[in-house]
Amino acid sequence: MKKALYFIGGIIFTLLVLGGFAYYKFYGKITVGGTSESSLITDASVEEALLNKAIDRISVTQYDSITQATTKPTMVNFWASWCESCLKEIPTLQTYAASRNIELIFVNFDKREISQSKVVLDKMKKLKMEKTYQLMGDDKLIDPLNFRMLGSFLEDRNIKMDTLGLPINLVYENGVNTQVFGPSQMETLLFQSLDHYLKEHKQ
């Protein structure tokens, strides 16, 4: 009986290992969120976007330098091409930030393969997003949707979220993270909270 249990356990363990390997080997290469339009974007277009820093790949240290240099209220929006909530929120966020004189910075959490960058570039064009930073983290933390890197990034900055996911909006001022809006705080709640923050800030 014990041998049979060991045998079954061994089979289950083997299947789990093989399943995990297949997940990272194959799913990690899938371009998530791609459309027929993104397939028309060339490798050269991606290379140009990287060269002129429309997609600006930065380290976490560079991210900290950028946010530490803030003086006025600045919102950092974490987004990904596969995140439908992000794509829905961004146009309203752009209008809101302009009307409230808030600096708006985009940080992308897509994988860095050329195929995925084509999707990112396609979404940027549709959203009229001129520039996005793309965070470069520890390659050991890269998973197909980059949630491990996102979690590690937030944890290192002592930012606690009820739910790990996107979109996330962080507000900085004078180099300090003053507000955190998580993925559960969609458009209406987000903007109401921001209005309250700005009203308190003026007092």
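The following questions and answers concern a predicted model.

Reader: Which residues does the disulfide join, and what is its handedness?

Author: A disulfide is a pair of cysteine sulfur atoms within 2.5 Å. Cys83 and Cys86 are joined in this way, with an S to S distance of 2.3 Å. The torsion about their S-S bond is about 80 degrees, so the disulfide is right-handed.

Reader: Are Cys83 and Cys86 buried or exposed?

Author: Buried means under 20% relative accessible area, exposed over 50%, and partly exposed in between, with a 1.4 Å probe and protein chains only. By this division, Cys83 and Cys86 are both buried.

Reader: How are the directions of helix H2 and helix H5 related?

Author: Helices (H or I, at least four residues) and strands (E, at least two) are DSSP runs, numbered from the N terminus. Axes are lines fitted to C-alpha atoms, for helices over the stretch in contact (heavy atoms within 4.5 Å), and angles run from 0 to 180 degrees between N-to-C directions. The axes of H2 (residues 43–51) and H5 (residues 114–126) come within 9 Å and cross at roughly 75 degrees. Angles under 35 degrees count as roughly parallel, over 145 as roughly antiparallel, 65 to 115 as roughly perpendicular and the rest as oblique, and H2 and H5 are therefore roughly perpendicular.

Reader: Which residue of E3 is the bridge partner of Trp79?

Author: Strands E2 (residues 74–79) and E3 (residues 103–108) run parallel and are joined by six bridges. In E3, the partner of Trp79 is Asn108.

Reader: What is the relative accessible area of Lys128?

Author: Lys128 lies in the loop between H5 and E4. Its phi is positive, near 55 degrees, in a residue other than glycine. Lys128 is exposed, and its relative accessible area is 73%.

Terms used: Residues numbered from 1 in each chain as written. Predicted model: local features only at pLDDT ≥ 70, side-chain atom pairs only at ≥ 80, totals over all residues. Heavy atoms only, no water. Pairing = 2+ DSSP bridges.
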